[in-house]
Amino acid sequence: MCQNGLYLLGVVRRRRKMEVQTALVLTIQLIALFSIAGALLLYLLCKVRGTRDEATGTQKGSILITCADTALGLQICTFFASKGHRVFAGMKDPVESLPAKLLRGWMKMRENSDTPVSGSVVPMKIDVTREDVLREAAESMGAHLNAGERGILAVINTAGSVYRGRIDSQDSLQWENMFKNNVMGCLRTARAFIGLLRPTRGRLILLGSGNDDDGLTVFMATRNAVQGCADALRKELKPYGVNVVTLDSRGVPAESLFKAPVPYTISDEEGVPTQYSADVLTNSALGVIERALYDTRPSDTYCLSVPNSKFQMRLPCRSSLKISASRADSKPIQSV
């Protein structure tokens with residue numbers, strides 16, 4: 001009896017030991033299974049979120065460039081689109097104008113490249129001298145925003161005009177045009193788009209002071225007036241969290257700020273991409289604008305005190321438009 005009892009006790013102990021080992025193995029298997037399921041679920045969530053962000057393009061917010069009819073405006077548009085922003089590019093003719101074709105060609109080229117643009121460019125009609133056009137643009141931008149976007153990140157006003165000459169030889173209509181575009185255009189822009197900046201506590205960036213060169217008396221008067229407008233707007237919009245920043249453009253020729261892009265072709269062969277060349281900002285100056293947009297506590301003024309460089313961009317705008325190469329300096333100053 002004792003031997004049988006000891007035998008039974010040993011069997012029970014072995015069974016209990018096996019049960020403990022089995023339970024331990026099952027526990028490890030369950031942990032591994034749940035770990036795999038959790039990792040798979042996390043991957044799927046990240047994949048869905050990444051796809052949604054890629055589709056909506058809202059990672060870095062939307063920016064408005066009020067005038068992309070200029071070489072400067074085009075460069076800023078492509079710069080921030082490359083950074084992942086949706087850029088609303090203001091143009092007087094967003095369909096058939098040369099800048100519109102250049103932007104479409106640039107986007108197509110980047111989409112087909114090995115490193116496609118993560119942002120986008122949306123051309124739209126904007127004229128800072130017309131309040132009706134500005135109102136329509138603001139409404140159109142609101143319709144383009146995604147469901148999660150309450151407004152836009154920034155408005156960068158690149159519109160304006162310049163006429164060089166001594167005041168005794170200038171026509172007063174030129175003075176009126178500069179004040180209408182540079183000063184009144186600045187105020188109209190602020191009023192039209194402030195509603196899209198308040199929800200995001202966005203940023204209004206204006207071209208401030210410039211070079212005090214000969215023949216720029218009236219132009220400098222308008223730039224100083226813009227600086228005064230910026231100071232007043234800064235105080236008015238501070239309660240809403242909207243920062244007003246000016247870009248000191250001393251070091252950049254006044255004509256380069258508003259000069260239209262100059263297209264040319266390097267070959268008469270069919271299918272050769274159209275290029276444009278213009279006096280635009282260096283990468284260092286673009287970095288200054290980037291800081292003006294991204295700084296958590298922005299300064300009132302950022303200085304673009306860097307020399308200009310001849311910056312060329314290859315834009316495959318294959319169209320029937322053919323313009324022979326010409327020097328940019330030989331063209332009259334353009335108001336845009």
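1. Let's start with a term: a polar contact is a pair of N or O atoms within 3.5 Å, and within protein one atom must be able to donate a hydrogen and the other to accept it, while residues adjacent in sequence count only if both atoms are side-chain atoms. By that rule, the side chains of Arg86 and Glu149 are joined by a polar contact of 2.8 Å.

2. Before going on, keep in mind that this is a predicted model, where local features need pLDDT of at least 70, side-chain atom pairs count only at pLDDT 80 or more, and totals for chains, interfaces and linings use all residues. Residues are numbered from 1 along each chain as its sequence is written, and side-chain values use heavy atoms, with hydrogens and water left out.

3. Now the overall picture. The protein chain has eight helices and 10 strands; these are DSSP runs numbered from the N terminus, with helices being H or I of at least four residues and strands being E of at least two. Of its 336 residues, 46% count as buried, where buried means under 20% relative accessible area, exposed means over 50%, and partly exposed is in between (1.4 Å probe, protein chains only). Look at the contacts between residues at least 6 apart in sequence: 76% of them join residues at least 24 apart. Contact here means heavy atoms within 4.5 Å.

4. Back to the pair from point 1. Arg86 lies in strand 2, which covers residues 86-91, and Arg86 is buried, with a relative accessible area of 7%. Is Glu149 buried or exposed? Glu149 counts as buried, at 14% relative accessibility.

5. Strand 2 also holds Met91, and Met91 is buried at 0% relative accessibility. Which residue 24 places away in sequence has its C-alpha 5.7 Å from that of Met91? That residue is Cys67. If you skip neighbours within four places in sequence, the contacts of Met91 include Ala68, Asp69, Leu103 and Met124.

6. Next, follow the chain out of strand 2. Strand 2 runs parallel to strand 3 (residues 120-125), and six bridges join them; two strands pair if DSSP finds at least two bridges between them. The path from strand 2 to strand 3 goes through helix 3 (residues 98-111), and this β-α-β crossover is right-handed. Right-handed means that, with the strands pointing away from the viewer, the path from the first strand over the helix to the second runs clockwise. For a spot to check by eye, find Gly90, which stands opposite Met124 in strand 3.

7. Strand 5 deserves a look of its own. Five of its five residues are buried, so strand 5 is largely enclosed by the rest of the structure. Arg203, Ile205 and Leu207 point one way, while Leu204 and Leu206 point the other way. Strand 5 pairs with strand 4 in the parallel sense over four bridges, and Val155 has Leu204 as its bridge partner in strand 5. Strand 5 is also parallel to strand 6, joined by five bridges, and there Ile205 is partnered with Val245.

8. The phi of Arg201 is near 50 degrees, a positive value in a residue other than glycine.

9. At 1.5 Å a residue, its 21 residues (217-237) should span 30 Å, and its end C-alpha atoms are 30 Å apart, which agrees; the expected span is 1.5 Å times one less than the number of residues. Its buried residues include Val218, Phe219, Arg223 and Leu237. What do the buried residues of helix 6 pack against? They pack against helix 5 (172-197), strand 5 (203-207), strand 6 (243-248), helix 7 (254-257) and strand 9 (301-303).

10. Last, a loop residue: Arg250, between strand 6 and helix 7. Arg250 counts as partly exposed at 44% relative accessibility, and its side chain makes a polar contact of 2.4 Å with the side chain of Asp248. Arg250 and Gly210 are 40 residues apart in sequence, yet 4.4 Å apart in space, C-alpha to C-alpha.
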